[in-house]
Amino acid sequence: MPPKGNQFKSNSIKEENKSGAPFMFPKTKKAEPKLPSFDLQDGRLIKITGLFFLIICLYFLIAFTSYLFTWQDDQSYVLESNGGWSNFWKTPQELADSGVTNPVVQNWLGKLGALLSHQFIYEWFGVASFIFVAVFLVIGYRLLFKVKLFSISKTLGYAFFSILFLSVAIGFFHGWMTDSPHYLEGEFGFWTNRLLDVQIGAAGTAGLLIFAALTFLIIVYNIDFKLPERKPKAVAAETDAVSPDDGSASEPKFAQNYPVNMVLSPEEGPAPTVPPVTKLTQNYPIKTASPENEDVDGTDQYEFNIPKKRPAETANAPKVVPLAEVFKPVVLTPEPVLEIEDEVQEEEFKPEPVFTVAKTEFETTSNKLVEEFGLYDPELDLSSYKKPTLELLENYGPNKIQINNEELEANKDKIVETLNHYNIEIDKIKATVGPTVTLYEIIPAPGVRISKIKNLEDDIALSLAALGIRIIAPMPGKGTIGIEVPNQHPEMVSMRSIMATEKFQNIIQNNTMDLPIALGKTISNEVYIADLAKMPHLLVAGATGQGKSVGINAILVSLLYSKHPSQLKFVLVDPKKVELTLFRKIERHFLAKLPDEADAIITDTKKVINTLNSLCIEMDQRYDLLKDAQVRNLKEYNLKFVNRKLVPTDGHRFLPFIVLIVDEFADLMMTAGKEVETPIARLAQLARAVGIHLVIATQRPSVNIITGTIKANFPARLAFRVLSKIDSRTILDAGGADQLIGRGDMLLSTGNDLIRLQCPFVDTPEVEKVSDFIGNQRGYPSAFLLPEFVGEGGESSQKEFDPGDRDPLFEEAAKLIVMHQQGSTSLIQRKLKLGYNRAGRIIDQLEAAGVVGPFEGSKAREVLLPDDYALEQFLSSINSK
Ligand SMILES: Nc1ncnc2c1ncn2[C@@H]1O[C@H](COP(=O)(O)OP(=O)(O)OP(=O)(O)O)[C@@H](O)[C@H]1O
């Protein structure tokens, strides 16, 4: 909404033009001195009007009261037949001539008092005219003292009805006694009754009056509640509770708010399961369900009837029940502000009470928004986006385990032989053929010590003449000893075969995992899919050429196949510069970057530090948003946002998951050390709840790279083949990774379990096709922008302002910012339709020039110029330089 000041300006310009006068800025008009004007907004006029009403009120009150005593004396003076109002100007002589028997008026307020009272009371509405006094009082009091006795509009409405109704009602009863109009009902009341009598008869008139009275009571009583189907009988019972001349009648007299978790509103329809509240005494605490409360004296308690019998029966024997018991059937929402309302009712009338659980104002607005616009759909911006298809991936091999019985037999024989050689007897042996290794499970004869078998690991490997034998003794949860022997012809697990499985497709379709990553096949040929969001971070290690990069590609591809660009963003760090370049094409869909960065894939160590720190800012901002939304994690937050319970005007936004992938962590640690370790450790410690997850890969899992701090925060670790047992221990806290066979053979440690997996293979051309497929679709205008981070000596810290070098839109941007008093880049971007980079440059210039303050993280920058005038002065000063 444009500011008011501008509206006034444009209005005044319009008026100038309408009248044909030459165009002038309103400023020039200021020169003419003006007399004080009494327009409607002037407080003095209002006060005078208020005073006038109060005087009139007093005048009428005295005149009317006097009329009750003096009307007979003044009758001949005020009668229409004797001259009526024209007598006001007549001399006593003239009055005598016109037949006035008593020319000296007795009314305490003289001729005018007598004439006015006669007009209002006798000729119009009878004693009901006193209601005018009340009306004038309410209006005058409000205008003069600015004190709201009652709502003026309601007062006028009720007064109008009451005057007419009372006049006719009094006329109806008085009509039985007299044949001529009387001051009690006035001529209006008298003649209306006559007319009604002729048309609908006395009974009809009585019916009409009752109907009018009840209608009035219904309207008055239900003024704040909707009850169109309210029975007249119910209203009849309420007559004691509401008085028609009570200006506050819109609220039931006995309504009180109590901090109990629900609203009892008898107006909203029947609820048969709930007993009626028969008595409600103010200012007493509500008793909780305890046996001693059941017999307490009714006057000190809130008592509720359980309608076990018909109302008439329960009226005689009301049973006191604790509030908690009465309200049992209602499912409560957490801590809404709730009220109990009741009314005084006659014994025989028992309306059926109704429970409604009050919705907070906030809930109702969000419900309204959802009704109007539907749920917020984050995918709408890129609604045409298509997820990559399976055809983009290659199908390697038959995808079926080829069981070579000869090999199996030979291996079994060798194992049995070797063990026998060491006097270890075997009861049973079972083989499970996996893609790369076959697991032989041995049940040793009773009495054989497991440690003995474990110690023979190398001997068995030697006798089997195979690399990569791993002995698992005992097999967790199985009571057997496992010997993993590599297959002579390992099978390649293609990414496509994993993606095509029902398991993966179900996960994608049913959204059962937030960040599903396909990690290949287990030793028993099961497809293994993990949820990165639950891990919540992943440390990947493996010697060079063992399949690490393929593994990272597999993780990226799994996520690209399962998520919409609005739900997920990657921050890609690739110090090796070549591994992740394939994903450059998906920048505008899936990548996040620093505001001023040209390239979304970060290869420079300095920029990595800035990006990691920026991610920490993003994390902190997200925590602030979560705190503000009173939720504990990203999922709950987004759910609230989708349900429109959080609105962008409060700074809320839909939060996509952010996955940080670092392909060569060792390189970073060597060049930047603590500068990298600190933000990584912070993110690893805290970022999971706000949807930021890390995948850190390293070739060298030595302790100076994977430090204690980092390791402690990465419970999930993935080891490809490493060169030494020590490396294996560093990464997995256990041996085994050194005995893997490479080419995607890996061990996944999830804290307790160690699972051997064959990583799915996805080749570079496949990745390229997938990124092409995504990149060729319509994307966002730019990559997802991370918060700005100004490091020491960073570009943004140069705050020299050169007026000659300013952007052509500098002035326009400055005006915009001063007008909105909001120093935000996105405002400039939006209003001037600029790209982020240019808008960012302008805001830097504005900062250097002193129009806005420094960057303040998530908040908009402070605007240092208060108004247009200051800006104009400022601009002319820099222009003159
Ligand atoms: N899951 C797999 N299935 C089959 N072969 C694989 C698999 N993973 C890797 N390989 C083979 O191993 C080779 C090396 O893999 P990759 O490039 O991933 O190694 P790396 O660990 O990333 O090496 P570096 O650290 O030097 O980049 C691949 O070219 C491929 O032939």
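Tutor: A residue counts as near a molecule or strand if its C-beta atom, placed from the backbone, lies within 6 Å of it. The model is predicted: local features need pLDDT of at least 70 and side-chain atom pairs count only at pLDDT 80 or more, while totals for chains, interfaces and linings use all residues. Residues are numbered from 1 along each chain as its sequence is written.

There are 14 residues around the ligand, and T544, G547, K548, S549 and G744 come nearest. This shell holds four nonpolar, eight polar and two charged residues; Ala, Val, Leu, Ile, Met, Phe, Trp, Tyr, Cys and Pro count as nonpolar, Asp, Glu, Lys and Arg as charged, and the others, including Gly, as polar.

Helix α17 spans residues 548-562. Helices (H or I, at least four residues) and strands (E, at least two) are DSSP runs numbered from the N terminus. Through contacts (C-beta atoms, placed from the backbone, within 7 Å), α17 lies across several strands, among them β9, β11 and β17, and runs at about 130° to β9. Such angles run from 0 to 180 degrees between the N-to-C directions of axes, which are lines fitted to C-alpha atoms, for helices over the stretch in contact.

The open sheet has nine strands in the order β10-β9-β18-β17-β16-β11-β15-β14-β12, with mixed pairing; strands pair if DSSP finds at least two bridges between them. Its edges are β10 (527-531) and β12 (568-573), and the twist averages 30° from one strand to the next. Strand β12 pairs with β14 in the parallel sense over six bridges, with V571 opposite L660 in β14. Helix α21 (residues 665-672) lies across β14 and β15, at about 90° to β15.

Conventions
Two residues are in contact if their C-beta atoms, placed from the backbone, lie within 7 Å.
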